[in-house]
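Please look at the sequence and the structure before reading on.

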Amino acid sequence: MIRINPHFAKLASSYLFAEVAKREKKYRAEHPGVEIIKMGIGDVTLPLPSACVKAFRAAVEEMGVEETFRGYSPDYGYDFLQEKIALHDFQERGADIQPDEVFISDGAKSDSANIQEIFAPDAKIAVPDPVYPVYVDSNVIAGRTGAFADGRYQGLVYLDSTAENDFVPVPPAEKVDLIYLCFPNNPTGAVITREALTAWVNYAREHQALIIFDAAYVAFIRDPALPHTIYEIEGARETAVEIRSFSKTAGFTGTRCAYTVIPRECRAFNADNEPVPLHALWSRRQSTKFNGVSYPVQRAAEAVFTPEGQKECRARHDYYLGNAALIRRTFMDLGFRCSGGDHSPYIWVETGGDSWDFFNRLLADAHVICTPGSGFGKCGAGYVRLTAFGNREKLAQGLNNIKKSLSAR
Ligand code: MLT
């Protein structure tokens, strides 16, 4: 008899963003003609930079000609893209990352969900709370947790990220094996200082642990003193994997391109406590389960690193950060405590009540979709997340609706 993976049954409910979409759909069906303004899921709205479109088109043309046609792309990505990433995203920041340490993929979401496959089934996992749900759910499916009880999975170590610690957790007193960190943070918008990140790398060294560092939002950092990659920190080459994406950087949410960096020294340990390089393990995993990202997409991603591409991407980041400032100002003027939005497209708003109630209220009274903080974890209860990736005019309209409906509270 074929049985299901029993760990699936432990998953608490539907995926957060699917639940939000379901509620939005229901509201639309019940209120035809009402314009809904989306500040929920972090999906971009500005088009691909023209430098990327040009490169994309040229590569598609190449694919239509026998002499320049290409079949399977290399499992780990084309050198032309690996080289640009290593140079511009790392070496220019003083971080020693080589092109063959960059694994090109179709998404930071899939990489952050898949990476746990190369670790022991009984690895002790630490996740921030609130947290991007993918880190948790992928480990639940893999059987690394117990049941969901009282808002948390048994067996996971939750790192409380609250207003008291400026939403930046410190290393736990207990020993854990695998730690997920995301900065600039999704969902709180918090950033991590060099000192705080150094404390995590030192913890990982001391406890033979590993950090999965999700830097999908790095493009929004505006303070040059903040670390832009974990590899700026001494010791991170042995203790950290970094995941990045072109989604929010260059508008690739629908185009799909991302990458994971695994330095040659990066290690986990076998049953005899001997170090095993993760680079070889991830190479093996990818060559079994992944056939690479399409050639035109990789050429489009490469164009991000041209002077024209850089300029266009920067203009997009500035636009979204301008949106973030407007959202934050509106909520602060209404008397809400907010964080994020300075170096991040996310604004984390303390609602003073239940997250889903606030979600329902914003939808009904202001026709605005947000994301309930409680969907990101227990410490997210009482918060909502707003995203700045919308169109400026629509966003201004949504904020006006919010002002009218919430100033009457
Ligand atoms: C979010 O809204 O948190 C993001 O869009 C999720 C993602 O990038 O998968």
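A residue counts as buried when its relative accessible area is under 20%. The model described here is predicted.

**Helix α3**
- Helix α3 runs over residues 79-90 and has twelve residues.
- From its first C-alpha to its last, α3 reaches 16 Å, close to the 16 Å expected at 1.5 Å a residue.
- F80, L81, Q82, I85, A86, D89 and F90 are the buried residues of α3.

**The ligand and its shell**
- Around the ligand are F17, I41, G42, K109, Y132, N186, Y217, K248, Y346 and R385.
- This shell divides into five nonpolar, two polar and three charged residues.
- G42 places a backbone N or O atom 2.6 Å from an oxygen atom of the ligand.
- In the side chain of N186, an N or O atom is 2.8 Å from an oxygen atom of the ligand.
- For K248, a polar side-chain atom lies 3.0 Å from an oxygen atom of the ligand.
- On its own the ligand has 270 Å² of accessible area, and the protein covers 84% of that.

**T255**
- T255 sits in the loop between α8 (247-250) and β10.
- The relative accessible area of T255 is 17%, so T255 is buried.
- Leaving out residues up to four places away in sequence, T255 touches L48, F56 and V297.

Technical notes:
Residues numbered from 1 in each chain as written. Predicted model: local features only at pLDDT ≥ 70, side-chain atom pairs only at ≥ 80, totals over all residues. Heavy atoms only, no water. Helix = DSSP H or I, 4+ residues; strand = E, 2+ residues; numbered from the N terminus. Expected span 1.5 Å × (residues − 1). Buried < 20%, exposed > 50% of the residue type's maximum accessible area, 1.4 Å probe, protein only. Near = heavy atom within 4 Å. Polar contact = N/O pair within 3.5 Å; in protein donor to acceptor, adjacent residues only side chain to side chain. Areas by Shrake-Rupley, 256 points an atom, 1.4 Å probe, with all protein chains shown as cover. Nonpolar A, V, L, I, M, F, W, Y, C, P; charged D, E, K, R; others polar. Contact = heavy atoms within 4.5 Å.
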